[in-house]
Amino acid sequence: MRKPLVAGNWKMHGTRADVAELIEGLSKLALSDEVEMVVFPPFLFIDRVEVGLADSSIGLGAQDCAVQPEQGALTGEIAASQLRDVGCGYVLVGHSERRLILLEDDDTVAKKFASAQKMGIVPVLCVGETREQREAGKTFDVVKGQLKSVIDVLGIEAFESAVVAYEPVWAIGTGLTATPDEAQAVHQELRQFIRSYSNVVADKVRLLYGGSVKGGNAAELFGMPDIDGGLVGGASLNANEFGVIYHAAGSK
Ligand code: PEP
């Protein structure tokens with residue numbers, strides 16, 4: 001059985017006051033052992049979120065890491081070793097905003113994935129197609145290509161302790177959501193692709209859906225057989241709504 005995971009990507013949002021409010025709201029949520037919740041604050045707030053949520057079971061993640069696993073001379077970057085030190089158990093790699101706006105390529109994404117794992121942090125590999133790619137019928141090729149580029153470098157075993165998030169770019173922050181059937185079709189394709197390498201990994205790896213997940217659509221999405229939870233952006237900035245999304249993952 002795969003334990004559902006609900007992950008909140010705060011992106012580049014929040015002031016100290018906003019973060020304090022969010023921590024307060026999150027710490028009041030009733031969580032169960034059946035579903036995991038992890039939040040991904042901006043780097044500069046990770047430390048205070050770790051302190052603020054110390055008494056809760058909410059896990060901590062970062063939105064990115066350096067290609068180099070250990071701390072060193074790399075101005076402006078954050079090493080996975082430093083993330084480990086401040087209590088991060090997860091890190092997002094290959095988010096579409098980094099791929100498309102900051103021009104991160106598959107090679108860089110694979111290096112970041114490896115750096116995270118080297119430091120004992122679970123990478124959450126984000127994959128997803130643009131609207132143009134979907135309209136051109138290339139969705140499966142694009143997402144499998146993004147996955148394969150990591151498998152080719154690190155082997156399928158690397159996914160024994162990793163998470164994959166399918167996030168159609170056209171659905172991120174747009175209010176458009178893939179229908180549960182559309183999302184399930186891609187998740188099924190991804191799991192079958194992983195199965196072509198290893199049954200064990202295919203059964204174990206958690207595949208999250210991301211793209212305008214809200215309290216009102218989460219249950220239907222998370223109810224699909226190959227969707228093991230969600231990566232949530234905008235709606236994770238509201239503790240109550242994030243709580244509703246979290247509970248939807250437990251209703252499968
Ligand atoms: C995201 O950025 O990972 C995301 C899914 O954002 P949103 O939920 O706002 O679409």
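Colleague: Where is H95 found in this model?

Modeller: In this predicted model, H95 is found in the loop between β4 (90-93) and α4 (96-100).

Colleague: Why is H95 called buried?

Modeller: Its relative accessibility is 5%. Buried means under 20% relative accessible area, so H95 counts as buried.

Colleague: Which residues does H95 touch, not counting those up to four places away in sequence?

Modeller: H95 touches N9, K11, C126, E167 and I172. Contact means heavy atoms within 4.5 Å.

Colleague: Where is E167 found, and is E167 buried or exposed?

Modeller: E167 is found in the loop between β6 (163-166) and α8 (180-195). With a relative accessible area of 5%, E167 is buried, because buried means under 20%.

Colleague: What is E167 in contact with, leaving aside its neighbours within four places in sequence?

Modeller: The residues in contact with E167 include H95, C126, V127, G128 and E129. I172, G210, G211 and L231 are also in contact with E167.

Colleague: What makes the pairing of the E167 and H95 side chains a polar contact?

Modeller: The distance is 3.4 Å. A polar contact is a pair of N or O atoms within 3.5 Å, one able to donate a hydrogen and the other to accept it, so the side chains of E167 and H95 make a polar contact.

Colleague: Which residues does the UniProt annotation "active site" cover?

Modeller: In the unreviewed UniProt entry, this annotation covers H95 and E167. Although spread over 73 residues of sequence, they cluster in space, with a largest C-alpha distance of 8.5 Å. The lining of the largest cavity includes H95 and E167.

Note on methods
Residues are numbered from 1 along each chain as its sequence is written. This is a predicted model: local features need pLDDT of at least 70, side-chain atom pairs count only at pLDDT 80 or more; totals for chains, interfaces and linings use all residues. Side-chain values use heavy atoms; hydrogens and water are left out. UniProt positions are given in the numbering used here, feature names are shortened, and annotations may be inferred rather than shown by experiment. On a 1 Å grid over the protein atoms alone, a cavity is a set of points where a 1.4 Å probe fits but cannot get out, and a pocket is an open set with protein on both sides within 12 Å along at least five of seven lines; lining residues have an atom within 4 Å of a point. Helices (H or I, at least four residues) and strands (E, at least two) are DSSP runs, numbered from the N terminus. Buried means under 20% relative accessible area, exposed over 50%, partly exposed in between (1.4 Å probe, protein chains only).
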